[in-house]
Every structure is written in structure tokens, then in C-alpha cells.
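Please look through the structure below with some care, moving between the sequence and the model as you read.

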Amino acid sequence: MSNLLLLIPIALFLGLLGLGAFLWSLRSGQFDDMEGAANRILFDDDDVKPSDKSKKFHQDDS
Amino acid sequence: MNAPLQSCRHCGEPVTALSPAAPDFCCSGCAGAYALLGELGLKSYYNRRAIDPKVRALRPDEDEVANVDFTELASTDGDGNHHLNLMVDGIHCAACVWLIETLLQRNPTVLQARVNMTTRRLRLSWQGELGDIDDIIRPVMQMGYRLIPFDPAALEQATASRNKELLRCLAVAGFAAGNVMLLSVSVWAGYFQGMGGATRDLFHWISALIALPAAAYAGLPFYRSAVGAIRNRRVNMDVPISLGVILALGMSLAQTIRGEPHAYFDSAITLLFFLLIGRYLDGRARGQARSAAEHLLSLNARSITVVEPDGTRRLIAPQKAVPGMIVLVAAGERIGIDGKVVDGQSDVDTSIITGESIPVLNRPGATVFAGTTNISAPLRIEVTATGGNTLLSEIVRLMENAEQGRARYVAIADRVAKAYAPVVHTLSLATFIGWWLIGGIGWQDALMNAIAVLIITCPCALALAVPVVQVIATGRLLGAGILVKSATALERLTKVTGIIFDKTGTLTTGKPELVGEPDQDKLLFAAGMAANSNHPLSRALVRAAGNVTALPNVSEQAGLGLVTPGPSGPIRLGSRAFCDVAENADFPSDIAGPELWLSEPGVAPTRFVFRDTMRSDAPDVIDSLRTRGFEMTLLSGDRESTVRQLAETLGIPDWQARMSPTQKAAHIQTRSDEGKCDLMVGDGINDAPALAAAHASMSPATAAEISQNAADIVFQGDRLGAVIEAIDVARKADQLVRQNFALSFAYNVITIPLAVSGYVTPLIAAIAMSSSSLVVIANALRLHVNSGKPDLVGAKPVTKLSQQAGS
């Protein structure tokens, strides 16, 4: 019994952590362009130097 | 057609001998784009990209920049940064996304440039002047991409936020379902291994703690819809769902408080989870189709050029025009307003409004309508009507009147729910009364049995039966370039017995083609002259002749023809009157249709006859529709001779010419009053009321904006075969929906007696519910399996959307 009292809260906490992470990523627009995200990794920005500003903007893109 | 020499190094299209930049490029625009990429050191783009043959070739268009006012929809925030949303046309692959973003970010004023590859939209932010936008996006335009600004607030925002809400609910329900199931499995195992009552109660309490708040949140979409339906004194599928979920949770809580063994938290929450998956996928599939349709429409949106009294020009949106303004319409441009010609003389293509396949000559004083295309020379037009007075808004009114019939259509799922809900509720009541009064057990236990009936009959499979099939059917059609916009379109399509076609632009391509076999030398000479003109007949001559070089010294007289000086006087190419050919000239030709004459003093005149050619697969499609027993009608606004000719060629016995928009809609209304269900296929503005009046409607992607809005289904590409494809998929889907209903009823036939007799335990409820849902989903997936087989009409139409569909 006592191990259950410890393990169930831990399991629930980890689950909630995952749920929170998903809701956060949904809100920050990471599910808006699934196709683009899959392809973007193939192009390294070797000849563009994105300024810090544009990096900041990429995040709140929705 | 011209023989291809090699592919253009920029756009990949064949290079013809005519090209000014041969042999490497098809046009000077492509050569310029290639040079620009070289200068910027971005040539690696050509190695990285993969040309998608379904997407418009990346060929730069010279007049594109001048046509759109980019500043109008841009917004400026508190920091002085400007933001603009743009639709991008011409994205082939991820390399295009990379190129567009790189080109834009090279500009130091650009803060952010992000292309969404799924929706093909670009969000751009920049510092400095608002007007800099033209300079910022010029390199992208020069590559051949088309950029059209749009207002994100006006576009499908409701659908997008609804889908996001569903996804959030889905996440919460998924989390809760997983954890509650974990606890439930332990409890079930405990039945056999002798779990103590205290542990079981603890597990039930933890389940309640997870399931109750999760169901309160994740069930919101269903509760809202159920409450809305009850307020309107209707029953939809969400009513029994909400009732089942709430009762199951309430009863389980009561059981938990009393420390009894049966709690249904897992059933309630997994039910919500399954249903939300169905809802979300359904919403996403329809959202994809709708956003693709909006994408197509926005690309056609154009500003109009207003000439101020002092001679300056500016671009405004057509809605902002006021009567009295003078608008300049360049040759080849679409006229954006209703008005009167004040200066200029030009041919205007009115096929989109009247169905007439030959351009009409407009002189000063003539009235022109929004939606038509100016062909040969610039026109100055005085705006005479705006807002509610335009021809377009007249058509919209007709359309709204016609549409009311369709709004009354009740989806099959709601019809089933209407019959199903009272039966279930009566059954449950009967169980309660039966156990309490006749069975002689306590009212609490009788109530438990009654609620178990409600839980077990809660229409999980029934509620999934329609959406799962719809998602797969819509997705399959989307892959074939057929966009299903309306939720009940496929259902209505299965009821169709008659098909009504429009002529110009629907059965035909709307482009005239040379018919007969004229003298080759004359043809080459005439085509050389014609290469100087934009008139559709001139273009047809050039296409028919193949490789031609434009002759010098040719002048065009708008609406009449072309003249060039010859050795023995002027050589003319144009209408019969222009070429001075006697009205009764005896020429061996029995082909009726538009014509061009080539006359030279001292030489017998030559006649070129044209015909608006059919879509290449039109005869096959009509034939196979006939063998399937559809009753077909051709309704056109065009002249009788052309309509009869086409009807006879295709073997459509029932045809009518010179139909006005009202007559077309009335024709369909009459037929539907007789109880017939028709599918209307049309593209013109004049078809819009008929499209709205018909039981179901389809429209090609080349159609007028209003027709695409009115149609249930929009299809892309040149093939009419989309009509058959849509009908076939709709029928197959209907069959699967009915099978799914049968399966879920069969499941109820087995489980209801169990529930009524009081044998249902949480374990049985969970197994029965999940397995019935899975069976229904598996059955729906059969629609996908069959899509690999070749269709009756052969290859699938070419589309630019298959990429999106695959996402």
C-alpha cells in the first residue's frame, strides 16, 4: 500500500507534465505547420544569419 | 504545340524556339530570376529543390507587382513594426520555403519572414516605412512566386480556433483516459486476485479525481452542442452522448461514495476520448478543404486602379470604389467593378457572366460588369454602381433565395439520433420501472440498472459512424484535387439522379481552338500577325500554328482586327466586316462558330473557324454518367447554334440555350418541386443561383469566386472526371456509413439485453464500447484500401493539393 501512495502521485505528476508540455507547444504554434517543420531541418541556415530579433519573432509566430 | 527544346533552367518548363532567352530559359523573366539568384549566391536552391509537376511553374509574371496594393492590409504595432500576412502561390517543396525566407531575411529591415508550408501562407514583419514592402518582396516576385495579401481575421478563424479547442480537449481526455484506464485495469485484476475493498475504493477515488474535472472540460464541445439542440427543440447525437457521460460519472461517484464495487469512470472518459478523435479529424479534414478553397479564391482577388482627376493613379480594393470614380483597366486584366466605358475600345470576355464564348466589343457608353475580362486594349471605366446595386449583389440575392431549400437538409446522423434517442430513453425508463415495480428490488438498484442501460447504449460507435467515414472520404477526394466544402455535400450527392451542366468553362475549356484544316502557308502568315494580339482567337491561331515569330508592323484595331501593310495594299486579319468579305460569300464550311478572316487585295479571302473545345475527357465522362443512368441536361447562356452543336456531339438530348441566371435557377427549382434531386456543375457568375438551388453542386477551380462559394464541391485541374470520382466516393461512403450504423445497432442488440437484465459490469461496458468503436473505424478504413484501384475514368486529375492532403 505504501509504495502505491508514492508511485501513483509520481505517475500522475509525470503525466500532467506531459499534458502541460503538449498544451504549451500547442499554444506556441508548434502544431500550425507540421509539414514545414518536418522539412525545415533539412536546410541549415549556412548563408543566412538570422538576427536575434528574428529568432525572437519565430517563437510567437502563430 | 511547340516542340520542347529543353527545360528552362529556372522554372523547368519547356523552352520554345520563340523564347527571347533561348536556349537556356523560356522567357526573360526566368533568365532574370536565375541571374539574381546567382548574384545573391543562392544557386544551391536549384540543387535542393524538387519540382512538383502539380504546382504552377515558377515563371515570373511581369505585371504582377503593379496589380496589388500591399500596404492596405498591413498593420503597424506600437513599436513601429509592420506586419503583413500573404498567401504564396508556387511553393513546390521545402526548398521554396527556404528560398523565400532567405530572400526576405537578406533585407536588413525584415524582422521576421516565416512561411507556413501547410497553409502556404507567409507572415512578414519589417521595420521602417510601410511603403517599403514593394521593395522587400520584389525579389520573391521576381522568382515567380505570387504573393497576395490577405486579412487573417476574415479567414476561417472560427474553424481554426474550434479545431484548436478540440485538440486541447483531446489532450486532456487522452491524459485522463490513460491514467483512469491504468487504475481500472488494476481494479479488474483485483476482482480475480482479491484486491481489498480499501484499495479498490482508493483507486475509485483517484479515478474520480482525474475523470471528473477532465470530463467537465473535455466534454464541453458536446455539452454546448447538446444544450443548443435542446433549446431549439431538436435532438442531435450530442444529446445522448452528454446524457450518457454525465449519468455514468454521477452514478460512479455515488457508487464510490457508498464504497460499492462498480464505477464507470473509465468508460465515460474513454468514450469522450474516442469521440473527440473523430470530431477533431473531421474538423481538420473540412478545414483543410476549406482553406485550400480560400487559398484559390484569394489568389484571384485584385485591387482596382483608380485615376484621380489630377491624373495620379492609386490602387484600392473594389469594395472601396464609389460611383463617379474613373477606373483604368489594362488589357488582359479583370474588370473589378460595374460601370460605363468612358474612353477606349476593347473586346471584353463576358463568358463568366453570360456564358457567351466570343468576346464582345465595347465602345464608350457600353456597360461592363465586374468579373468580366478586358482583352485587347486599355479601358477607362466610370463606376456606376457599388454595393447593393451591382450585378454581383443581384446574383447574391438570387442565390440566397435559392439556398433556403438546402438549409433544410438534415444530416443522416441527426436523423438517426432523432429516432434513436427516444427509444433508448424509453428503454431505460422501462428498465427502472420494471425492476422496481415488477422485479421487486430497491429503487436505488433499479436506478443503477436503468443507468447501466443508458451507459451501454451511449452511442459511441453510432457517433463515430459518420465522421470517420467522412474524414477518409474527404481526405481521399482532397488528394484528387476535389475540395469538399460542405459537411453534408457527400450525403446529398448520393441522392442525385440528374446532372445539369453549364457549357462554357464547365464542359468546355472556355478557350477557342482552330477547327478544320486551313492552308498551311496562310495559317503561318495569319498566326504571325496574330502573335501581336491578346485576343483569344489570335492566341488560338498561334497555338494551332506552332512555332511562329511575331510579324513586325502589325497594328491592332480593338474589336475589329489586325492590319499589316502588304505588297499590294493592307493585309487584314479580323471579323468578316473588317475584312470586307461579302455577307453571302460562299465558303465550303458547315461549322458554325466564331471565325477570323484573312484578306489581301487581289487574293481570295481565307476563313479560319474556331470552336470552344470540350474538356478532353468530357465525352468519356458523359458516356459513363449515361451508363450509370443519370439524366443529363445542358443549360447555357450562350447562343443556340453553339449549344446545340455541343449537345449533339456529347449526345445530351436535353439542352437549352440563352438561359438567364434566374431561368437556370428556376429550371432547377421546377425539377426539385417534382421531387428530383439534381447535381449542378457550373462555373460562371450566371450559374451561382443555380448552384445554390441544386440539391448538390460542383464548380471547377477556374470558376468565378461567387460560384465557388456557392458550390458544395470545388474541383481542380482540367478533367471533368472529378464529377464521377466525387459521386463514386460519395456512394461508397454512404454505403460504409450505413454498414457502420448496422454494426453499432448489432452491438446494441447484444448489449442492451445484458444491461436490462442487470449483468453489465464496468469491465463488460469498457470492452463493449471500445471494441464497437474499433470495428466501426476499421470498417471505415476500407474506403482507403479501395482507393488504390484504378478508377473508371483513368488517371487522377493533377492537383497542387496532394501534398497538403498527405500531411
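Helix α8 (residues 220-231) of chain B has 12 residues, which at 1.5 Å a residue should span 16 Å, and the end C-alpha atoms are 16 Å apart, so the two values agree; the expected span is 1.5 Å times one less than the number of residues. Helices here are DSSP runs of H or I with at least four residues, strands are runs of E with at least two, and both are numbered from the N terminus. This is a predicted model, in which local features need pLDDT of at least 70 and side-chain atom pairs count only at pLDDT 80 or more, while totals for chains, interfaces and linings use all residues. Residues are numbered from 1 along each chain as its sequence is written, and chains are lettered from A and ligands numbered from 1 in the order in which they are written.

Which residues of α8(B) are buried? They are B:P221, B:F222 and B:A226, where buried means that 20 or more other C-beta atoms lie within 10 Å of the residue's own, exposed means 12 or fewer, and partly exposed is in between, with C-beta atoms placed from the backbone. Seen down the axis of α8(B), the buried residues fall within an arc of 125°, so they line one face of the helix; the arc is that of the directions from the helix axis to the C-beta atoms. An α-helix has 3.6 residues a turn, so residues three or four places apart point the same way. The face of α8(B) turned away from the buried side carries the exposed residues B:R224, B:G228 and B:R231. Just after this helix, B:R233 takes a positive phi of about 55°.

## Two open sheets in chain B

In chain B, six strands form an open sheet with antiparallel pairing, in the order β7-β6-β8-β14-β9-β12; two strands pair if DSSP finds at least two bridges between them. At the edges stand β7 (313-316) and β12 (367-368) of chain B, each with a single partner strand, so one side of each is left without a neighbour in the sheet. Another open sheet, also antiparallel, is formed by three strands of chain B in the order β11-β10-β13, and its edge strands, β11 (360-362) and β13 (373-374) of chain B, each pair on one side only.

| Strand pair (chain B) | Bridges and sense | A bridge partner pair |
|---|---|---|
| β6 (residues 304-307) and β8 (residues 326-329) | three bridges, antiparallel | B:V306 and B:V327 |
| β10 (residues 346-349) and β13 | two bridges, antiparallel | B:D349 and B:T373 |

## Two buried residues

B:A173 has its place in helix α6 of chain B, and with 25 C-beta neighbours inside 10 Å, this residue counts as buried. Not counting residues up to four places away in sequence, B:A173 touches B:A214, B:A218, B:I269, B:L272, B:F273 and B:L276, where contact means that the C-beta atoms, placed from the backbone, lie within 7 Å. B:A173 and B:L271 are 98 residues apart in sequence, and their C-alpha atoms are 9.2 Å apart in space.

B:V548, by contrast, lies in the loop between α19 (536-545) and β18 (555-557) of chain B, and it counts as buried with 22 C-beta neighbours inside 10 Å. Leaving aside neighbours within four places in sequence, B:V548 is in contact with B:L524, B:A527, B:G528, B:A531 and B:V542.

## Domains and chains

The domain assignment of chain B, whose bounds come from an automatic or database assignment, gives domain 1 (64-155), domain 2 (159-285 + 409-472 + 731-786), domain 3 (304-385), domain 4 (478-509 + 615-730) and domain 5 (510-613). The C-alpha centres of domain 2 and domain 4 of chain B lie 42 Å apart, and eight residues of domain 2 are in contact with 10 residues of domain 4. Helix α25 (residues 722-756) of chain B gives the largest share of the domain 2 side, four residues.

Chain A has three helices and zero strands, and of its 62 residues, 3% count as buried. How many residues of chain B are in contact with chain A? There are 25 of them, and they meet 25 residues of chain A. On the chain B side, α4 (94-105), β3 (110-116), β4 (121-126), α6 (157-193) and α7 (197-218) each supply at least two residues, with the largest share, seven residues, coming from α6(B).
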